[in-house]
Amino acid sequence: MKKLMMFTALMLASSSALAMSDGEYVAKAADCAACHTTPQGRDMAGGLRFATPIGDIYSTNITPDKAAGIGNYSFDDFDKAMRKGIAKDGHPLYPAMPYTSYAKMSDKDMRALYAYLMDEVKPQPDANRENPISWPLSMRWPLRVWNSLFLSSGEFKPRADQSSEWNRGAYLVQGAGHCGACHTPRGWAQQEKAEDESDAKFLSGGELDGWYAPSLRGIKGSQQELVTLLKTGRNTHAAVSGPMGEVITNSTQFMTDADLNSMAIYLLSLKAEPAGSPAKPATVTANGQQTYARYCSTCHGTQGEGQDFNIPALAGNVTVTSPNPQTLLRVILNGGQTPVTAEHMSKTMPGYGWALNDQQVAELTNTLRGSFGNQAEAVTTEQVKAARDAAK
């Protein structure tokens with residue numbers, strides 16, 4: 001009965017996606033709910049915690065409540081917050097809010113989003129939480145300097161040498177989708193090191209909040225496989241979990257096939273820098289192989305082949321071979337869960353942090369990174385400990 005209820009709810013969600021207003025569609029593409037709705041909270045009422053280098057930051061209430069939310073924002077107030085990172089009362093927003101990406105959104109989409117938040121979202125009285133950041137880091141004026149250095153103004157400009165589909169994909173990836181917020185490395189001031197395809201660092205992989213988002217450059221696979229992954233969270237050989245799983249659950253599964261195809265066309269056009277050989281290659285050990293045989297091989301196969309459309313392959317898996325092993329370690333330690341979508345129920349991989357010590361996890365990880373044709377940098381017990389600590 002419970003499964004039937006969940007299936008019915010997902011079918012209703014799928015049907016309602018077809019009837020979304022333009023503004024709701026923009027909100028889905030921008031994944032507003034991911035940051036402004038807590039797991040047990042009310043829609044768009046804020047309160048989600050983000051760990052940053054200067055301290056914890058809580059997302060704000062963006063419902064049209066006049067006291068707690070943005071009900072008193074004019075469109076110009078809203079547009080200034082979205083594109084320039086300046087609140088109605090004049091204080092700068094922390095760039096944990098991806099306004100550097102939203103700056104590229106079109107005026108049409110921004111007005112549609114404003115209308116949706118004001119007219120279709122239910123007002124909620126949830127008061128915004130204070131950010132527990134101590135002085136002097138709590139001072140906001142340095143953010144104006146940050147904006148002057150790292151915020152580029154102006155809507156996305158299509159490239160005349162590319163197709164309309166490519167340009168639509170670039171607009172969605174760079175703007176509303178703010179893919180660079182996770183997948184682009186950050187600099188000394190926590191700024192994204194690149195903002196579009198003209199710089200090879202754009203979408204070349206980045207670490208954020210204890211996870212590593214892999215490079216989206218040089219993606220292997222077909223356009224249809226990438227579209228399927230963005231729509232359902234899995235395809236023939238791959239599956240998504242962690243923060244990207246939430247993106248698919250809350251955002252990309254609701255996007256049209258045309259837009260997903262455009263995003264795939266754009267992403268597949270991005271070339272990767274040639275990868276050098278690992279300075280210290282991961283070594284396969286007998287202990288690592290034994291651990292793999294005991295805990296992993298039943299599902300992932302003796303050769304890391306996985307199961308089509310069900311369990312991801314480990315051979316050639318970008319999470320396994322990533323230069324930064326943080327996400328792989330967190331999945332091994334804490335498990336993973338594929339997204340909930342209209343097409344698939346979620347599948348769960350158990351974590352083994354309770355059963356394996358840091359040395360065993362390191363040996364298993366190195367075996368994965370050195371087997372099945374994979375080649376990657378060796379992982380240390382110190383990195384395993386850091387991954388354990390990041391999940392606490």
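**Figure 1. Aromatic pairs in the predicted model.** Nine aromatic pairs are present in the structure, which is a predicted model. In one of them, the ring centres of Trp-166 and Tyr-266 are separated by 5.0 Å and the planes meet at 75 degrees, so the arrangement is edge-to-face. Because Trp-166 belongs to helix α8 and Tyr-266 to helix α12, the pair ties together parts 100 residues apart in sequence. Both residues are buried.

**Figure 2. The pair formed by Tyr-292 and Phe-372.** Here the centres lie 5.6 Å apart with the planes at 55 degrees, so the pair is tilted. Tyr-292 is located in helix α13 (residues 286-295), and Phe-372 in the loop between α17 (358-370) and α18 (381-390). Tyr-292 is buried, at 6% relative accessible area, whereas Phe-372 is partly exposed, at 24% relative accessibility.

**Figure 3. The largest nonpolar core.** This core comprises 52 residues; Phe-78, Leu-113, Leu-117, Leu-203, Tyr-266 and Leu-267 touch the most other members. Elements giving two or more residues include α2 (22-29), α4 (75-84) and α6 (107-119), and α6 contributes the most, with six. Domain 1 (20-126) and domain 2 (162-267) both supply residues, so the core lies between them.

**Figure 4. Surroundings of Leu-113.** Beyond neighbours within four places in sequence, Leu-113 is in contact with Gly-23, Val-26, Ala-27, Cys-32, Phe-78 and Met-82.

**Figure 5. Charged side chains over aromatic rings.** Lys-28 sits over the face of Phe-254, 4.3 Å from the ring centre. Arg-111 lies over the face of Phe-75, with a distance of 4.0 Å to the ring centre.

Technical notes. Residues are numbered from 1 along each chain as its sequence is written. This is a predicted model: local features need pLDDT of at least 70, side-chain atom pairs count only at pLDDT 80 or more; totals for chains, interfaces and linings use all residues. Side-chain values use heavy atoms; hydrogens and water are left out. A nonpolar core is a set of buried Ala, Val, Leu, Ile, Met, Phe, Trp, Tyr and Cys residues joined through side-chain atoms within 4.5 Å. Buried means under 20% relative accessible area, exposed over 50%, partly exposed in between (1.4 Å probe, protein chains only). Helices (H or I, at least four residues) and strands (E, at least two) are DSSP runs, numbered from the N terminus. Domain bounds come from an automatic or database domain assignment. Contact means heavy atoms within 4.5 Å. Rings of Phe, Tyr and Trp (its six-membered ring) pair if their centres lie within 6.5 Å; planes under 30 degrees apart count as stacked, over 60 as edge-to-face and the rest as tilted. A charge sits over a ring if NZ of Lys or CZ of Arg is within 6 Å of the ring centre and within 35 degrees of the ring normal.
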